[in-house]
Amino acid sequence: MFVTCKDHKILTVAYYTFQALLKSRVLFHIILIGLLLLFISFVAGEFAFGIAERVVLDFGLGTLSLSTMAISILMGAGLISDEIESRTIYMTLSRPISRVSFLLGKSLGMGFLLISNVVISSSLTLGFYIYLGGELNPLIFWNILYTILEALICLFIVMLFSLVANKALSVIFTFFLYLSGHAVNDEFIEKFSLSSPMGFLLEKYHYLFPGFHKLNIKNFLLYQKDLEFNFLLKTLGYGFFYLLALVLLVCFVFERKDLD
Amino acid sequence: MLTLKGITKIFRGHFLDSISRKRGLFTALDGLSFTLGEGEAVGLLGANGSGKTTSLRVIMGFTKADRGEVLFDSKLGPMGRDFRQNVGFLPERPYFYPDLTGRDFLCFMGALNGMSRKGIRKSIIEWSERFKIDFALDSKIKIYSKGMLQRIGLCSALLHNPKLLILDEPLSGLDPIGRKELKDAIREVNRQGKTVFFSTHIIQDVEEICEKVIFIEKGKLLYEGAIDKLMTSGESFYEFKISKRSVGKNFEWNGNTLELEDFLIITVSGEDRLAFLKKLIDKEIDIESIVPIRSSLEEIFYKVKNREGRICL
Ligand SMILES: Nc1ncnc2c1ncn2[C@@H]1O[C@H](COP(=O)(O)OP(=O)(O)OP(=O)(O)O)[C@@H](O)[C@H]1O
Ligand SMILES: [Mg+2]
């Protein structure tokens with residue numbers, strides 16, 4: 001393993017970031033909301049004849065995705081910028097730790113929170129789904145993996161914005177990108193002719209902006225369609241490299257930022 | 001220990017700048033140079049907005065200077081090693097992770113400095129008792145008062161036994177007893193060989209703690225050197241408080257006089273003070289007290305500045 005001193009410090013920051021998040025009781029509220037939604041999906045399942053387990057799965061995975069995204073965007077906006085504003089960042093950065101390690105540590109701590117949320121909510125949903133007689137399908141786990149990836153991409157987008165704009169604007173921009181990343185899919189682009197300016201722009205959309213629709217496989221999952229392993233892997237690769245590029249960009253911007 | 005060479009920092013601010021005469025650009029530091037020697041206690045003195053915090057931020061690398069450089073002694077770490085390992089820093093109006101407890105926060109800071117768990121534990125006990133914050137270590141920082149924040153900040157700055165201590169207005173927000181404790185603590189760590197550099201706008205603080213002072217105004221260095229020299233430069237005055245009853249009719253003096261019910265307060269210039277004292281003794285007048293008049297920051301400022309804005313002593 002490559003546990004150098006530097007990695008160790010990233011983990012230290014991550015640990016205390018997660019501690020602070022835990023102690024601020026966000027996770028407690030998340031679990032509470034998760035239980036509430038589960039109850040709602042249970043009621044909804046009761047009313048849907050025959051396919052209760054599918055409703056539970058649909059509803060459960062949908063809320064999982066939404067809640068993870070909401071945490072990621074709303075709390076990610078303040079992850080670094082709150083530290084700059086409240087000047088707590090001076091305490092950490094006056095220690096022997098590089099800005100990049102600090103940033104990665106903070107994101108990792110936030111990542112733990114996102115993953116905790118995903119694990120808690122999805123085990124509730126899946127437990128319930130199996131209890132209702134649903135069958136486990138590998139696509140469920142791919143879907144959960146993509147949700148985590150999507151949340152991390154949102155996290156770094158909102159962090160990037162928050163380093164150059166204020167918090168409210170960052171949240172709005174990121175939310176907009178989230179929506180349009182889902183809306184601008186292949187079917188949507190096909191509606192415009194490529195020669196029209198709009199079609200031309202839309203075709204280029206995904207060169208720069210995240211194609212969240214690629215990470216959305218819920219419809220395949222719900223209607224028991226199969227997806228090729230290669231396709232799943234390629235999608236994972238797309239998300240991963242998009243995330244990596246974003247991380248590098250955020251590190252670059254943060255490294256050069258004046259903290260005053 | 002530390003040398004600043006011609007540091008210039010320009011903010012793209014919003015108010016009119018007197019130096020560049022351009023709106024939007026503000027020169028917060030203007031070719032600032034000074035040196036801290038090893039083992040010295042140095043006060044960074046300046047009025048509000050003179051650039052104290054900005055210069056400390058440049059030293060710590062939080063903001064980049066537009067011109068100039070900060071040089072660290074090899075004692076703060078051999079070439080290539082991080083100087084921050086041997087620096088303890090306390091920002092202005094410090095604030096910490098509100099949801100962590102004081103102990104968690106100190107452990108966090110110690111871990112970032114690469115301290116062992118045992119070392120951290122020992123250091124926390126030592127410094128939290130020294131600064132009387134040990135009783136609150138297990139409550140969330142959210143509920144700390146201003147003085148408690150200042151104290152836990154100092155613990156964290158000293159936790160890893162740094163060689164250089166940089167404190168931005170460490171005494172602000174403390175009550176008189178707290179100020180005294182803290183001044184004693186700063187003197188003590190300085191005696192143990194740590195270099196101390198702290199900013200303030202209260203000249204008495206510098207006088208009580210340091211031998212050396214760096215005085216800045218509008219981002220420019222006005223004076224760097226011994227504090228006594230700055231204090232005693234120019235004209236000085238003494239206030240004599242004498243008993244009214246013991247003063248005879250034919251007692252004459254030149255000096256400002258204030259009449260109280262039982263006493264007279266007479267202000268005498270530094271040159272005349274001995275002659276005046278002799279006169280008082282000759283006439284057997286009761287002396288209640290003799291107090292040298294402390295100059296305020298502004299008075300010293302006008303005293304030491306000549307037309308070109310340079311210090312002349
Ligand atoms: N981020 C910034 N953008 C624009 N101007 C700034 C910024 N930070 C500081 N300044 C300006 O630089 C000048 C020096 O500020 P600084 O905080 O260094 O003063 P100071 O000596 O610490 O004052 P105080 O005693 O009030 O703490 C001030 O006029 C301030 O308005
Ligand atoms: Mg200041």
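**Close-up views of a predicted model**

**View 1. The surroundings of ligand 1.** In this predicted model, ligand 1 is surrounded by 15 residues, and the closest of them are F11(B), A28(B), K52(B), T53(B) and T54(B). The ligand lies between chains A and B. Two elements of chain B, β2 (26-36) and α1 (52-60), each supply at least two residues of the shell around ligand 1. Of the elements, α1(B) gives the most, with three residues. Sorted by class, the shell holds three nonpolar, nine polar and three charged residues.

**View 2. The side of chain B that touches chain A.** Here 25 residues of chain B are in contact with 22 residues of chain A. On the side of chain B, the elements α1, β5 (87-90) and α2 (102-112) each supply at least two residues. The largest share comes from α2(B), with five residues. By class, this side of chain B has 14 nonpolar, five polar and six charged residues.

**View 3. An open sheet in chain B.** Three strands of chain B form an open sheet in the order β2-β1-β4, with antiparallel pairing. Strands β2 and β4 (67-72) of chain B are the edge strands, each pairing on one side only. Neighbouring strands of this sheet are turned against each other by 20° on average, direction ignored. Strand β1 (residues 2-11) of chain B pairs with β4(B) in the antiparallel sense over five bridges. One residue pair can be picked out here: L2(B) has F72(B), in β4(B), as its bridge partner.

**View 4. Helices α2 and α4 of chain B.** The axes of α2(B) and helix α4 (residues 146-158) of chain B come within 9 Å and cross at roughly 25°. Angles under 35 degrees count as roughly parallel, and so α2(B) is roughly parallel to α4(B). The crossing of α2(B) past α4(B) is right-handed. On α2(B), the residues G102(B), F105(B), L106(B) and M109(B) meet I152(B), C155(B) and S156(B) of α4(B). Five nonpolar, two polar and no charged residues take part in this contact.

**View 5. Helices α2 and α6 of chain A.** Helix α2 (residues 26-47) of chain A and helix α6 (residues 99-131) of chain A have axes that come within 10 Å and cross at roughly 25°. The two helices are therefore roughly parallel to each other. The crossing of α2(A) and α6(A) is right-handed. From α2(A), the contact is made by V26(A), L27(A), I30(A), I31(A), G34(A) and L38(A). From α6(A), the residues are L113(A), S116(A), N117(A), I120(A), S121(A), L124(A), T125(A) and F128(A). By class, the contact of α2(A) with α6(A) has nine nonpolar, five polar and no charged residues.

Technical notes: Residues are numbered from 1 along each chain as its sequence is written. Chains are lettered from A and ligands numbered from 1 in the order in which they are written. This is a predicted model: local features need pLDDT of at least 70, side-chain atom pairs count only at pLDDT 80 or more; totals for chains, interfaces and linings use all residues. Axes are lines fitted to C-alpha atoms, for helices over the stretch in contact, and angles run from 0 to 180 degrees between N-to-C directions. Helices (H or I, at least four residues) and strands (E, at least two) are DSSP runs, numbered from the N terminus. Angles under 35 degrees count as roughly parallel, over 145 as roughly antiparallel, 65 to 115 as roughly perpendicular and the rest as oblique. A crossing is left-handed if the near helix is turned anticlockwise from the far one by less than a right angle, and right-handed if clockwise. Two residues are in contact if their C-beta atoms, placed from the backbone, lie within 7 Å. Ala, Val, Leu, Ile, Met, Phe, Trp, Tyr, Cys and Pro count as nonpolar, Asp, Glu, Lys and Arg as charged, and the others, Gly among them, as polar. A residue is near a molecule or strand if its C-beta atom, placed from the backbone, lies within 6 Å of it. Two strands pair if DSSP finds at least two bridges between them.
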